[in-house]
Amino acid sequence: MPDKAGLKRFREIEKMLKRFFSLFEDLCAHCFTESMGAIASGVRPHEGMCCCLVDNQVHDYWQPLSEAQEMTNGPNWAQPIEQNSFATSKRRMPNNGPCKALCEHGCLLSCMRPPSCSTLVCPHMIRVLADLKLCQNPKHDGNYEIDELLGVQSPLDTMYGIRSGNASSDQYVNALRALTERMRTIPESQRKAAISRSKSRISRSIRDGGGH
Ligand code: SF4
Ligand code: SF4
């Protein structure tokens with residue numbers, strides 16, 4: 001069970017992560033739109049599509065999610081998810097997807113999402129980071145957790161009540177701040193060009209069946 005202080009710190013770090021991932025601009029919206037378009041045109045759903053379509057973090061982490069949400073947003077926090085017809089109207093996707101919190105406009109949870117929703121660095125993002133020389137020689141072509149890039153163990157699972165232990169967050173926060181700053185100081189035109197190249201690859205790989 002998480003405690004209030006831990007969740008407060010979790011929320012602060014979640015906001016920092018949001019700021020970092022906002023630097024990828026509309027990469028995720030593009031990935032979602034392309035995935036939906038491909039499915040509509042008959043492409044079989046595959047694991048290379050939008051992660052919220054082919055994963056279900058709300059299902060996988062229901063108990064800690066409920067506790068964290070209830071402590072933060074009150075007892076009715078799940079109503080929008082229960083009334084979400086988007087997820088239930090879609091046919092079954094790989095890995096028990098789509099996520100119950102996914103709707104046409106993105107994620108219904110604005111905060112206190114399961115930790116990996118805020119820490120996943122997918123191959124499309126890695127490509128942008130590698131292009132900008134912020135991630136040299138990626139070790140594999142699958143999904144990363146941001147702690148792999150930061151070189152610091154994430155305290156988020158402990159704060160969220162998924163793991164027990166003492167979570168020290170200072171090093172993590174400093175490393176995250178430094179990475180965000182490095183990406184922010186890259187000229188905007190360069191960052192946008194890298195995002196644009198990754199978006200082109202997303203479109204091709206989603207329609208071709210998933211290789212990144
Ligand atoms: S797979 Fe990557 S680009 Fe696509 S929605 Fe997920 S995080 Fe965003
Ligand atoms: S909770 Fe939101 S961000 Fe996480 S998998 Fe579900 S829809 Fe995606």
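Student: What makes the length of α12 close to the expected one?

Tutor: Helix α12 covers residues 188-208, 21 residues in total, and reaches 30 Å from its first C-alpha to its last, close to the 30 Å expected at 1.5 Å a residue. The expected span is 1.5 Å times one less than the number of residues. Helices here are DSSP runs of H or I with at least four residues, and strands are runs of E with at least two, numbered from the N terminus. This is a predicted model, in which local features need pLDDT of at least 70 and side-chain atom pairs count only at pLDDT 80 or more, while totals for chains, interfaces and linings use all residues. Residues are numbered from 1 along each chain as its sequence is written, and chains are lettered from A and ligands numbered from 1 in the order in which they are written.

Student: Why are the buried residues of α12 said to line one face of the helix?

Tutor: Ala194, Ile195, Ser198, Ile202 and Ile206 are buried. Seen down the axis of α12, they fall within an arc of 100°, so they line one face; the arc is that of the directions from the helix axis to the C-beta atoms. On the other side, Ser189, Gln190, Lys192, Ser200, Arg204 and Asp208 are exposed. The buried residues pack against α2 (27-40) and α8 (123-131).

Student: Why does methionine 112 count as buried, and why does lysine 133 count as exposed?

Tutor: A residue is buried if 20 or more other C-beta atoms, placed from the backbone, lie within 10 Å of its own, exposed if 12 or fewer, and partly exposed in between. Methionine 112 has 24 such neighbours and therefore counts as buried. Lysine 133 has 10 and therefore counts as exposed. Methionine 112 is in the loop between β2 (106-107) and α7 (115-119), and lysine 133 is in the loop between α8 and β4 (144-145).

Student: What makes the protein chain as compact as a globular protein of its length?

Tutor: The chain has 12 helices and four strands. Its radius of gyration is 17 Å, close to the 17 Å that the globule rule gives for 212 residues, so the chain is as compact as a globular protein of that length. The radius is taken over C-alpha atoms, and the rule is 2.2 Å times the number of residues to the power 0.38.

Student: What is the peptide bond between glycine 97 and proline 98 called?

Tutor: With omega about 0°, this peptide bond is cis. Proline 98 lies in the loop between α6 (85-89) and β1 (102-103).

How values were computed: Two residues are in contact if their C-beta atoms, placed from the backbone, lie within 7 Å.
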